[in-house]
Amino acid sequence: MKKLIISLVVVTTISANTFAQNGPKLRRIEGKGNDGQILDFVNGMHDSILQSSTNKYDFPLYDNNKGPVYVDIYNPALTPAGDFAIIFDDTTTHSIANDLTDYSSRWHIVHLPTSTTFYSDTILGVDSTQDISAWGMKIRTRPMDDPGTSLYANNGFLEATMTFANPLTPWLTGLSDEEGINNKNWIRSGTSLIGSPPGSYFSDATGLETDSSEAYENSINGTWAPYRLCAYSTPPFTVCKGGPAWPTNISLNKLANIASVDVVITSDQSKWTRCPVIEEQESTSLALGGAEKLSMRNSLSVDKNGVANFPSAQNSDFPTGMGWFPGYAINLETGERLNMAFGEDSWLTTENGSDMKWNPTSIIDSANVIFGGKHYIYIFGHNGDATFSPSDIGLPNGLRDIPLYDQGAALHDLFIASTGFTGSAGIAYKSEIYTDAMWVNIPLLNPGYTLLQTDVNIRLRVSKKYRQYATNNANANNPMYTFNAGTIIGINDVDYNNSLSIYPNPAADNITISFTSSSKNISIKIYDARGRLVKSINSVKSGENTIPLNELGNGLYLVNVGDGKSSVTKRFVKQ
């Protein structure tokens, strides 16, 4: 008989939607942050990101009530048709901090077809819900901080869930954190101090940066945690075994850098992530090839079937240390696909620890620290684009920060450099790796099931301050969002009007605008994302009209086709 477990695990410690909201689908144009809102993309956005040649989607679309700004259209009868833009104005530009400092910035909202504008009554630092009664609309902003620096509820933690596409086959579980002198005590939230060594190695870290409020200790039954809060062992690794974190320079990793992410585990190999495989065995004498703990596995790279046939179509980048994680991770704020890694203990051959594949077992055995073969999952953030100097001994001009998804290349190069040099030089390269680690999981196979029986979706949500993030410089990198009132639930969105089609989309040199109309007084107007008219063509004929785009910069645009009495609007992207 199969063991019955809960097929949906939800831990919610703060709700962003404090009253009923009729929110439209928001599209991010620029900037990032969420003001404490719980983010979710519309269906299909994951595929748009995975299929992008740049591994990101610059203008992600969020589901109703799940966007980065709280918009409540409480009386849609008063809301004008067409697109709106919410624009943040950074009145205290701070290029070093790269955010909207001191919450002194303001916002304004523009109805793009008419340029009618309303301005915020307060700065972002005031908890305020502004009623734009003429439009039947409310917009709320409130002061929120990043995780680890939060002065507000739950240290920035919002929500974490795990769901199965087929709830009848909940094949995946994880090692739940426990307290006390116990190798399963792997999440160090809280303020518990346990005497002197060796017991003190199991003490919680203290302070906001390390989550004294214990907000992150129960994420999905204590099976997921920020890397910054993970337990670590110290050589000779005789106490507190199995910790997922590297002890050296762990303070360089900041809780504030974690982001809201989706992690999807799937049998669809086209969506798998190329990544390093990390050695989790504490003893170099037991690890294959003498690899050090939390360095890259010292084994041949493998393809998606776990075969070490290098080079081949799925295994042609690096001859050692690389495998495939069966899934992917995405940043909900930026629309970026993220780099990942997974671990295994190469000495635990009976627990699939030496095959370079992500295939955890169900065996825990905390005394011997089996933990399913230690197939730990690591998600890395894209927190910067710093590089080493041209004179660096190991990686001249190489990446110091982990980028968005690059098939694990930057991680691989840093791992190679970290083992190629002894002493402080090797430590420096390894520090760069784990400084950008965001989330960690210790996975286990649920007894009675098989791996990858159905897709698994893990949602990890945290509050983040609004800050700058560049896409097409539509708003000096400050946050900007658009929406159409027709996207609230129960109202048709004019964006899907079948009378107008635009292709290709995205476009490079030209777009073709096709429509059918009996009117003879038709004009085409193209607006940028701020609602500024950038191109106008009058006396257009029904049918196909090809328009050059050479004078337009890259970005999101609105095409309005009308005859003075009625009109329809659609979006396109120039890239």
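Which backbone oxygen does the side chain of H375 reach?

1. Basis of the note. This is a predicted model, in which local features need pLDDT of at least 70 and side-chain atom pairs count only at pLDDT 80 or more, while totals for chains, interfaces and linings use all residues. Residues are numbered from 1 along each chain as its sequence is written, and side-chain values use heavy atoms, with hydrogens and water left out.

2. Surroundings of H375. The side chain of H375 reaches the backbone oxygen of N352 at 3.0 Å. The side chains of H375 and N359 are joined by a polar contact of 2.9 Å. (A polar contact is a pair of N or O atoms within 3.5 Å; within protein, one must be able to donate a hydrogen and the other to accept it, and residues adjacent in sequence count only if both atoms are side-chain atoms.) H375 is located in the loop between β17 (340-344) and β18. With a relative accessibility of 0%, H375 counts as buried; buried means under 20% relative accessible area, exposed over 50%, and partly exposed in between, with a 1.4 Å probe and protein chains only. Leaving aside residues up to four places away in sequence, H375 touches G343, E344, E351, N352, G353, K357, W358, N359, P360 and P443, where contact means heavy atoms within 4.5 Å.

3. The open sheet. Five strands, in the order β2-β22-β4-β5-β6, form an open sheet with antiparallel pairing. β2 (27-30) and β6 stand at the edges with a single partner strand each, so one side of each has no neighbour in the sheet. From one strand to the next, the twist averages 20 degrees; axes are lines fitted to C-alpha atoms, for helices over the stretch in contact, and angles run from 0 to 180 degrees between N-to-C directions. Two strands pair if DSSP finds at least two bridges between them. Helices (H or I, at least four residues) and strands (E, at least two) are DSSP runs, numbered from the N terminus.

4. Strand β4 and its partners. Strand β4 (residues 83-89) is largely enclosed by the rest of the structure, because six of its seven residues are buried. Six bridges pair β4 with β5 in the antiparallel sense. Within this pairing, F84 stands opposite H111, and D89 has R106 as its bridge partner. β4 is also joined by five bridges to strand β22 (residues 480-484), again antiparallel; there, M480 is the bridge partner of I87.

5. The β5-β6 hairpin. Strand β5 (residues 106-111) pairs with strand β6 (residues 116-119) over four bridges in the antiparallel sense. H108 stands opposite Y119 in β6. Four residues lie between the two strands of this hairpin, and S115 in the turn has a positive phi of about 65 degrees.

6. Salt bridges. How many salt bridges does the structure hold? There are 18, a salt bridge being a side-chain nitrogen of Lys or Arg within 4 Å of a carboxyl oxygen of Asp or Glu. One of them joins the side chains of D40 and R461 at 2.8 Å, N to O. D40 lies in the loop between β2 and α1 (45-50) and R461 in strand β21 (residues 456-462), so this pair ties together parts that are 421 residues apart in sequence. Both residues, D40 and R461, are buried. They also belong to a network of salt bridges that links D40, E159, D262, R459 and R461.

7. The side chains of E432 and R400 meet in a salt bridge of 2.7 Å, N to O. E432 lies in helix α3 (residues 423-435) and R400 in the loop between β18 (377-380) and α2 (409-420), so the pair ties together parts that are 32 residues apart in sequence. E432 is buried, at a relative accessible area of 13%, whereas R400 is partly exposed, at 33%.

8. Helix α2. α2 has 12 residues and reaches 16 Å from its first C-alpha to its last, close to the 16 Å expected at 1.5 Å a residue; the expected span is 1.5 Å times one less than the number of residues. Its buried residues are A410, L411, H412, L414, F415, A417 and S418. These residues pack against β13, β14, β17, β18 and α3.
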